[in-house]
Amino acid sequence: MEHTNNIMDINRILDEARDLGCSDVHFTAGLPPIVRLHSAIRKLSGYPDCTEPIIVNIINQITSIKHKNQISKGLDTDFSYMSATGFRHRVNVYRQRGYHAIAIRLLRDDIPTLSDLNLPATLGEFALHPRGLVLVTGPTGSGKSTTLAAMVDHINRQKNCHIITVEDPIEYVHTHKQAMVNQREIGQDVDSFAGSLRAALREDPDVILVGEMRDFETINAAVTAAETGHLVLSTLHTTGAAETINRIIDVYPPHSQGQIRSQLASSVVGIISQTLVPTSDGKGRCAALEVLCSTDAVRSQIREGKIYQIPSTIATGKKSGMFTLDQDLARLVRMGKINDAVARERCQDYAEYKRFLEMGDA
């Protein structure tokens, strides 16, 4: 069915993309609507190439006056949008070569469990920890928000407590189960991650989810909250546990780095680094993980600044629930979940990956 005028019905396009099983929809000048399906991008058939008037019309269909004002100033703008059929979406409007462009992430209306996502039981243990810092890391689009939503839901089902989430925007809506869940959206309920974290400490939370640790103020507030008896869950755009620890330490001035190493050593509960890998049946993606658990060895390596030793501690820490990305890729290949070629593309050290593949579950 051709759509030839300057108006595209955003709700129809989002429903089509959802029916196809897509994760994202993009609008950019000179191309028809583009969707991402199982990691690959493709054109949505039956639509003309987008022009600036078409894209501006779509923006007008989905934005509030406040967001229109931000967009008119040329600012990148994030917000959530609920379609006519009741599904939620995360939207980013940006400019490229003087034109507007839109990226839309399709969000699930159900919250998957840790077992739905085939995530290890260790993540459930992290989620039920009484206090400390749990980080889920990985590049954009690696499923961090979904993993965190499953962990929050795990707490919500099992624990009588108060959970506060601070998100930009809210992606998964949690209903109150065993826990009370209050969700705050940046720009709507609160101005910033750092400000909302400081405020959260006066709101009697047991668990605080911070959508992203973007800057020094947020990182500092999150570590302080984790040290003062709260469980703090958050994300960073890093790959690997060692790099994550280094990234946090590096945002502090040199004279404070000894102090933050000591704080991290006592507060980190676990770090999950993940990437999404296409499955061998071509029908979807699954998460490949690296998992760091806070053991005595890990704590002393963080405290003493021997972060470079952490990868080998993870590789030999199977009894504590730890494993490297290369070990997990090898496990997924042995299970037939993913292809060897895909694993080789994603592995950090090919020789190590090959060794883990050959040694089986030993």
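Residues are termed buried when their relative accessible area is under 20%, exposed when it is over 50% and partly exposed in between, as computed with a 1.4 Å probe on protein chains only. By this criterion I54, at 2% relative accessibility, counts as buried, and I54 is found in helix α2 (residues 52-62), where helices (H or I, at least four residues) and strands (E, at least two) are DSSP runs numbered from the N terminus. I54 and A351 are separated by 297 residues in sequence and by 50 Å in space, C-alpha to C-alpha. The structure is a predicted model, in which local features need pLDDT of at least 70 and side-chain atom pairs count only at pLDDT 80 or more, whereas totals for chains, interfaces and linings use all residues. Residues are numbered from 1 along each chain as its sequence is written, and side-chain values use heavy atoms, with hydrogens and water left out.

Helix packing was examined with axes fitted as lines to C-alpha atoms, for helices over the stretch in contact, and with angles running from 0 to 180 degrees between N-to-C directions. Helix α8 (residues 241-250) packs against helix α9 (residues 257-267) at an angle of about 135°, their axes lying 9 Å apart. That angle makes α8 oblique to α9, given that angles under 35 degrees count as roughly parallel, over 145 as roughly antiparallel, 65 to 115 as roughly perpendicular and the rest as oblique. On the α8 side I245, I248, I249 and D250 meet Q257, I260, R261 and L264 of α9, contact meaning heavy atoms within 4.5 Å. The residues of this contact of α8 with α9 comprise five nonpolar, one polar and two charged (nonpolar: Ala, Val, Leu, Ile, Met, Phe, Trp, Tyr, Cys and Pro; charged: Asp, Glu, Lys and Arg; polar: the others, Gly among them).

Helix α9 also packs against helix α10 (residues 296-303), and the axes of α9 and α10 come within 8 Å and cross at roughly 170°; the two helices are therefore roughly antiparallel to each other. In this contact R261, S262, L264 and A265 of α9 meet R299, I302 and R303 of α10, a set that divides into three nonpolar, one polar and three charged residues.

A search of the whole structure finds two aromatic pairs, defined as rings of Phe, Tyr and Trp (its six-membered ring) with centres within 6.5 Å, planes under 30 degrees apart counting as stacked, over 60 as edge-to-face and the rest as tilted. F216 and Y252 form an edge-to-face pair, 4.9 Å centre to centre with 75° between the planes. This pair links distant parts of the chain, as F216 lies in helix α7 (residues 216-227) and Y252 in the loop between α8 and α9, 36 residues apart. F216 is partly exposed at a relative accessible area of 31%, whereas Y252 is buried at 6%. Y350 and Y353 form a tilted pair, 6.2 Å centre to centre with 40° between the planes. Both tyrosines lie in helix α14 (residues 350-359), three residues apart, about one turn of the helix. Y350 counts as partly exposed at 38% relative accessibility, while Y353 is buried at 0%.

Helix α12 (residues 325-334) is mostly covered, with eight of its ten residues buried, among them L325, L329, L332 and V333. What covers these buried residues includes β12 (268-278), β13 (285-293), α11 (310-315), α13 (340-346) and α14. Just after α12, G336 takes a positive phi of about 80°.
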